[in-house]
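Here is a report on one chain, written for a reader who works from coordinates. It goes from helices to cores, then to a sheet, a loop and the domains.

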Amino acid sequence: MVRLHIYGDLDFFLGPRIRGGKVDRRLSEKTSIKDVIESCGIPHPEVDLILLNGKAVDFTYAITDDTEIEVYPAGVQFPNFREKHLQVHTITEFVADGHLGKLVRDLRLLGIDVAYDPAAEDRQLVEIASRNNRALLTRDRRLLMHAAVQHGYYLRSQNPLEQTIEVLRRFDLGAILSPFSRCLRCNALLEPTEKEKVIGQLEPLTKIYYSKFRRCTGCGQVYWSGSHFTKLQKRLEQIRANFGG
Ligand SMILES: [Zn+2]
């Protein structure tokens, strides 16, 4: 029998019948540790450290019956195994699955690079994640278990604000936030622009009352500190209050 000790918030993935973070599995043949862990419902991008009899091993390590393994999530500090961590902690680029539009908007508002297409199919998401080394954000556990996905995160909450905080914490993004630097629509960076250059795109009152504008380097969308700006600032404050607390 293989006994798995599941630590931290990884017990989120275990069924309600499993208590104390202990799961037992019977193996009829040599199986990779990764397959054993995923058979318990835990996607491999959620696992940062695996200890077998106190020794760190990687996902491909094959185990047989009569093994005890410890499985840890990202964010748990083990100085002794610093080089054995399975997840990269410097990911700052993401791809989100098609159901996460509100989360994507929040993250882009904070200046974080998130590729997003509401119509993207699973195989496209996997390809973007693996080819561009982006972490996949999703609430689809199967998708996160795809072998080609290296980095990713399963959103615990269904609430966009809580999801945003989850992502900031999981990937330790606090230091790189740069609000109002990225287009909410297409993810490209914004640049300051002169009023004369965008005047054709402005409503009459905007022309009168505003003088500072930024334009998206991707889709050309013009941004200024109008009424939508106040709403976005409120959202930012909401995120900051929750992230700090
Ligand atoms: Zn844009």
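## Conventions

Helices (H or I, at least four residues) and strands (E, at least two) are DSSP runs, numbered from the N terminus. The model is predicted: local features need pLDDT of at least 70, side-chain atom pairs count only at pLDDT 80 or more, and totals for chains, interfaces and linings use all residues. Residues are numbered from 1 along each chain as its sequence is written.

H2 is followed by Gly111, which has a positive phi near 90°. In H2 the buried residues are Leu103, Val104, Asp106, Leu107, Arg108 and Leu109. Their cover includes E8, E9, E10, H5 and H8. Cover is a matter of contact, meaning that the C-beta atoms of two residues, placed from the backbone, lie within 7 Å.

Helix H5 spans residues 160-170, and its buried residues are Gln163, Thr164, Val167, Leu168 and Arg170. Helix H2 (101-109), strand E10 (135-138), strand E11 (152-154) and helix H8 (227-244) are among the elements that cover them. After H5 comes Asp172, with a positive phi near 50°.

## Nonpolar cores

A nonpolar core is a set of buried Ala, Val, Leu, Ile, Met, Phe, Trp, Tyr and Cys residues joined through C-beta atoms within 7 Å. The largest one has 28 residues; Phe94, Ala96, Val104, Leu107, Val114, Leu136 and Leu137 touch the most other members. Two or more residues come from each of strand E8 (93-96), H2, strand E9 (113-116), helix H3 (122-131), E10, E11 and H5. H2 gives the most, with four residues.

Which residues does Ala96 contact, leaving aside neighbours within four places in sequence? They are Leu103, Val104, Val114, Tyr116 and Leu137. Another core lies apart from this one, with 14 residues, including Leu4, Ile6, Ile37 and Leu49.

## The E12-E13-E14 sheet

Three strands make an open antiparallel sheet, in the order E12-E13-E14. Strand E12 (190-193) and strand E14 (222-223) are the edges; each has a single partner strand, so one side of each is left without a neighbour in the sheet. Pairing requires at least two DSSP bridges between two strands.

E12 pairs with strand E13 (residues 213-216) over four bridges. Glu191 stands opposite Arg215, and Leu190 opposite Cys216. E13 and E14 pair over two bridges. Arg214 has Tyr223 as its bridge partner in E14. The hairpin of E13 and E14 has five residues between the strands, and Gly220 there takes a positive phi near 85°.

## Pro16

Pro16 sits in the loop between strand E1 (2-6) and strand E2 (22-25). Is Pro16 buried or exposed? Pro16 is exposed, with 5 other C-beta atoms within 10 Å. Pro16 and Val71 are 55 residues apart along the chain, and their C-alpha atoms are separated by 18 Å.

## Domains

The chain divides into domain 1 (2-84), domain 2 (93-182) and domain 3 (190-235). These bounds come from an automatic or database domain assignment. The centres of domain 1 and domain 2, taken over C-alpha atoms, are separated by 24 Å. Their contact takes eight residues from domain 1 and eleven residues from domain 2.

Terms used. Buried ≥ 20, exposed ≤ 12 C-beta atoms within 10 Å, placed from the backbone.
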